[in-house]
Amino acid sequence: MGGINGPALESLRGALRGPVLAPGDPGYDEARGIYNAMIDRRPAVIAGCVDVADVRTVLSFAQDAGVELAVRGGGHSGPGLCLVDDALTLDLTPMSWVDVDQETRTARVGGGSQLGDLDHATHTFGLATPAGIVSTTGVGGLTLGGGHGHLTRRYGLTIDNLLSADVVLADGTFVTASENDHPDLLWALRGGGGNFGVVTSFTFRLHPVDTVGVALTFWPVDRTREVLQWYREFLPAAPQELTGFFALLTVPPAPPFPEPIHGRKVCGVVWCYTGDLEGDRLEKTLTVVNTPGPPAFHFTTPMPYPDLQRMFDGLLPKGLQWYWRGDFFDAIPDDAIAVHEQYGQNLPTGLSTMHLYPVDGATRRVDTGDTAWAYRDATWSGVIAGIDPEPTNAGLIRQWCVDYWSDLHPYSMGGAYINFLGEEESADRVRGTYRDHYDRLAAIKHTYDPDNFFQANQNIPPALSD
């Protein structure tokens with residue numbers, strides 16, 4: 001039990017307001033299940049925290065018991081960093097709440113909240129902040145990694161809209177990191193991952209977003225070369241109100257897709273337009289999709305922004321097998337397109353996919369030195385994801401992903417969105433993702449977590465003291 005015996009466990013249960021689950025308890029197996037079913041780990045204890053007092057109690061308990069600690073927000077971590085065998089998971093799921101201040105256009109968000117919670121609360125005021133593309137994603141993990149999504153080209157990364165954060169440090173100290181208080185910690189939280197403490201709440205800047213224009217455009221997968229050659233030139237030059245991520249995928253057997261294309265491998269773009277939707281503005285804006293050749297499917301509709309965020313929830317529920325890897329790209333050369341052609345034609349399962357998310361536009365209005373995010377010069381954040389419901393296909397999707405990534409990586413910028421780093425990737429990949437910011441992050445780690453208590457993450461060890 002990793003140092004957590006019966007009396008100690010009962011003591012923890014008595015000290016917390018949240019639920020405390022151990023192996024054999026009703027609900028334990030459900031609680032240890034996370035988004036990626038390829039991860040099958042058994043923590044000694046899963047401790048649910050309903051408030052800051054619970055968080056401080058769990059941290060103190062873990063240190064006194066001498067057990068490793070992992071922190072769970074939304075549970076979307078691809079490598080399953082929120083679970084460690086025989087360790088203690090501090091579960092923020094009960095801290096799922098959002099308070100919106102309409103006057104200041106800000107939202108304070110609990111550390112266990114999901115994007116759907118945030119979108120639900122802000123949409124009633126016609127507001128939103130850039131954050132992801134799947135509503136079940138945890139706000140905490142996404143934000144601490146940097147955060148990009150449908151609104152990024154217009155309003156920046158999630159961290160570009162992070163105004164402050166409440167944090168419990170390894171020694172139990174509670175601080176608020178902002179531009180005025182602990183600004184070095186805020187800088188590190190803006191992309192430095194879960195290395196610095198337990199973030200119990202985030203405060204975000206919001207922007208006017210209500211109904212957006214949504215479009216899905218698919219071409220046969222054998223048109224990948226022509227489509228990517230067009231897309232790489234068109235999108236970076238497009239107005240920032242328009243974004244669209246490129247994808248290789250298999251058409252799902254569900255609306256709005258017509259039956260004749262169900263199950264076909266395609267290349268395509270998922271569009272989001274935040275400009276004026278009066279009249280047929282969206283359709284006119286996207287007449288350009290005929291440039292690389294007529295698409296096999298093109299669908300446009302106005303849609304409330306939260307509905308766009310939920311669009312893929314049914315297709316990608318919790319409990320699938322996942323294996324992913326990513327990279328940043330500043331260009332899509334023809335040789336890279338040849339790699340995409342090869343692996344797009346050989347998608348190993350119906351859910352496996354590759355996405356290129358635009359991270360230009362408003363992202364570049366923030367200086368590289370202003371946050372821990374080190375790739376302000378990137379144009380796309382790419383992810384290759386092998387996905388399938390069957391555990392027997394885990395090896396298949398993993399090998400496809402690793403091979404695809406290995407062949408594509410030479411055309412990348414070297415680093416990746418920290419949330420897209422896969423299992424078994426080296427410490428050098430973490431260092432490469434932070435470029436020249438790594439040493440500053442290590443120094444801040446030394447200030448706030450000198451003993452590296454928070455290490456169940458894409459870890460940045462503390463700098464050695466002088």
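Which residue forms a salt bridge with arginine 281? It is aspartate 276, with the closest N and O atoms 3.7 Å apart. The legends below describe a predicted model, in which local features need pLDDT of at least 70, side-chain atom pairs count only at pLDDT 80 or more, and totals for chains, interfaces and linings use all residues. Residues are numbered from 1 along each chain as its sequence is written, and side-chain values use heavy atoms, with hydrogens and water left out.

**View A. Salt bridge of arginine 281 and aspartate 276.** A salt bridge is a side-chain nitrogen of Lys or Arg within 4 Å of a carboxyl oxygen of Asp or Glu. Arginine 281 is partly exposed at 36% relative accessible area, and aspartate 276 is partly exposed at 37% (buried is under 20%, exposed over 50%, partly exposed in between; 1.4 Å probe, protein chains only). Elsewhere, salt bridges with shared partners join Asp29, Arg32, Asp40 and Arg42 into one network. The whole structure has 23 salt bridges.

**View B. Salt bridge of arginine 108 and aspartate 166.** The N to O distance is 3.0 Å. Arginine 108 belongs to strand S6 (residues 106-110) and aspartate 166 to strand S8 (residues 162-168), so the pair links distant parts of the chain, 58 residues apart (strands are DSSP runs of E, at least two residues, and helices are runs of H or I, at least four, numbered from the N terminus). Arginine 108 is partly exposed at 35%, whereas aspartate 166 is buried at 9%.

**View C. Ring pair of phenylalanine 218 and phenylalanine 297.** Rings of Phe, Tyr and Trp (its six-membered ring) pair if their centres lie within 6.5 Å; planes under 30 degrees apart count as stacked, over 60 as edge-to-face and the rest as tilted. The count by this rule is 24 aromatic pairs. Here the centres are 5.8 Å apart and the planes stand at 40 degrees, so the pair is tilted. Phenylalanine 218 lies in strand S12 (residues 211-220) and phenylalanine 297 in strand S15 (residues 297-304), so the pair ties together parts 79 residues apart in sequence. Phenylalanine 218 is buried at 4%, as is phenylalanine 297 at 9%.

**View D. Arginine 435 over the face of tyrosine 375.** The distance to the ring centre is 3.7 Å (a charge sits over a ring if NZ of Lys or CZ of Arg is within 6 Å of the ring centre and within 35 degrees of the ring normal). Tyr375 belongs to a cluster linked by ring pairs, whose members include Trp322, Trp324 and Trp373. Arginine 325 lies over the face of tryptophan 405, at 5.2 Å from the ring centre.
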